[in-house]
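Please consult the sequence and the coordinates alongside the text.

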Amino acid sequence: MRVIRAADIVSSIADALQFVSYYHPADFVQALKNAYQKETSAPARNALLQLLVNSKLSAQAHRPICQDTGVAHVFFKLGMDARISADGKQPTPSLQALADAGVSQGYTYAGNPLRASMIRQPLGDRSNTGDNTPAIVHIEMIEGDTLEVTVVAKGGGGDVKARYAMLNPSDSVADWVVSQLPGMGAGWCPPGVLGLGIGGSPEQAMVMAKRSLFAPIDIQSLRVRDDLDEAERLRVEIFDRVNALGIGAQGLGGDATILDVKIAQAPSHAALLPVALMPNCAATRFVSFTLDGSGPAKLVAPDAAVWDDIPQTMPSADGRRVNLDTLSLEEVRSWKAGELLLLSGRLLTGRDAAHKRLTDMLARGETLPVDLKNRAIYYVGPVDPIEGEAVGPAGPTTSARMDKFMPALLEKTGLLVSVGKAERGPIAIEAIKKAGVAYLVAVGGAAYLVSKAIESAKVLAFEDLGMEAIYEFVVRDMPVTVAIDHTGRTIHWMKPV
């Protein structure tokens, strides 16, 4: 019986989480490059280039691709003839405990600290666990004497857009999938990969959809074959129909909304057709390895040549330069939806928790700890910085979560600008239009690139919220696009949801 050391499992998972935080899979980079070369929409093309430059910079600096460094998923396939052994006389920990130890070690590594997003009790005080534990663990017992492991860092933007339906056996899976995309919005940071789980039971379908994502991109190879099976034909049909919708990168309109479609199937009840849909975002992060008792996994970095034809920096932009320190309502009302801006000056930050505190204080008639009059606020929860950085990767979070707070903030504070990612809903759009202000978007999934425009950062309020505290960034030429102008006109392809 082959013996696999518990310590090797822990260190391999920790190393894998560091590895995937800054390395895109090479096939994903190539698929992004192919999409960029073919893209005909200027805003989407710019977004794709930012994603590519960000990928290159992250790989070189070993810093996170995205500020949402993901919920750690560990998929184990344990051979029935393998045995896990702890050192010493202590009992062997469970696979859950070993995964948690690896996650804690990986996320708290001082050379590249990763943002902790996990909370203890969703219905309690929602306090952060501090090290991104626990991991989401799936275990399968298989033949053999090795341990196969897939380690994934799955961002919240993709999981929040998951979909499930119980179709009739005669229903079209393709029709259902295509119908879901417009309502999913752009908060999952397209372009990415769609995973489908078909059959099984409801919970099986959801897990299959997620697991299907962690395989090489190969959709183009199907086009040169004439022996496709039913699942492969469905993949091609969905791929073509979704991209024909014109949603595009970041929802800005364009040719490449998805880069591949993956399908996993399982036997199901004859009267049922369970279908689950799970997107993977532009911060696709996973790696697989096998432990055979010879030591920890040896992870091989992608060939650096995959990034050779990607520029080191974004080309000089000719957008309108905006001084945030002298921002006025008149200037904001001169911006037009679709216009590229370069922000410089002092930029506030705030997300869900900070917004709730601010609006609660306004409702109680209390003075806010930060004056929002004539200011701009950026929806971000940055990664902790390392030496030489003002702030760690600091890309935008999904703006729709802040929609319900917009009427109060815009009516009572004099806030002029919000900056985030993806579309806004009707409540926010109406509040923006009523106040005559604007909403701007940065590129989701280009967090390290965005951080390069941040020269300094300090906490102004709610320090106990950690990455959700209100910071003040000093930025220089931070690229954003006017997504909603003061008239309520929006650039996003999809209708607000």
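Which strands does helix α7 (residues 202-211) lie across, and at about what angle does α7 run to β2? Helix α7 lies across β2, β4 and β5, at about 100° to β2. The model is predicted: local features need pLDDT of at least 70 and side-chain atom pairs count only at pLDDT 80 or more, while totals for chains, interfaces and linings use all residues. Residues are numbered from 1 along each chain as its sequence is written, and side-chain values use heavy atoms, with hydrogens and water left out.

Helices (H or I, at least four residues) and strands (E, at least two) are DSSP runs, numbered from the N terminus. Angles run from 0 to 180 degrees between N-to-C directions, the axes being lines fitted to C-alpha atoms, for helices over the stretch in contact. Helix α1 (residues 6-22) lies across β2, β5 (147-154) and β10, and its direction is at about 155° to that of β10.

## The sheet β4-β2-β5-β10

These four strands, in the order β4-β2-β5-β10, form an open sheet with mixed pairing; two strands pair if DSSP finds at least two bridges between them. At the edges are β4 (136-142) and β10 (286-291), each pairing on one side only. From one strand to the next, the twist averages 15°.

Strand β2 (residues 71-79) runs parallel to β4 and is joined to β4 by seven bridges. Opposite F75 stands H138 in β4.

V287 belongs to strand β10. With 12% relative accessibility, V287 counts as buried (under 20% relative accessible area; exposed is over 50%, partly exposed in between, with a 1.4 Å probe and protein chains only). Leaving aside residues up to four places away in sequence, V287 touches A16, F19, V20, V149, T150, V151 and L299; contact means heavy atoms within 4.5 Å.

## The sheet β6-β9-β7-β8

A further open sheet has four strands in the order β6-β9-β7-β8, again with mixed pairing. Because β6 (163-167) and β8 (258-266) each have a single partner strand, one side of each is left without a neighbour in the sheet. Neighbouring strands are turned by 15° against each other on average, direction ignored.

Strand β7 (residues 192-199) and β8 run parallel and are joined by eight bridges. The bridge partner of I198 in β8 is Q265. Helix α9 lies across β7 and β8, at about 145° to β8.

## Helix pairs

Helix α6 (residues 173-184) packs against helix α9 (residues 230-244) at an angle of about 30°, the axes being 10 Å apart. The two are therefore roughly parallel (angles under 35 degrees; over 145 counts as roughly antiparallel, 65 to 115 as roughly perpendicular and the rest as oblique). The crossing of α6 past α9 is right-handed, that is, the near helix is turned clockwise from the far one by less than a right angle, whereas anticlockwise is left-handed. Residues V173, A174, D175, V177, V178 and L181 of α6 meet L234, E237, I238, R241 and V242 of α9. In this contact, eight residues are nonpolar, none polar and three charged (Ala, Val, Leu, Ile, Met, Phe, Trp, Tyr, Cys and Pro count as nonpolar, Asp, Glu, Lys and Arg as charged, and the others, Gly among them, as polar).

Helix α2 (residues 26-38) and helix α3 (residues 42-61) pack at about 150°, with axes 9 Å apart. Helix α2 is therefore roughly antiparallel to α3, and passes α3 in a left-handed crossing.
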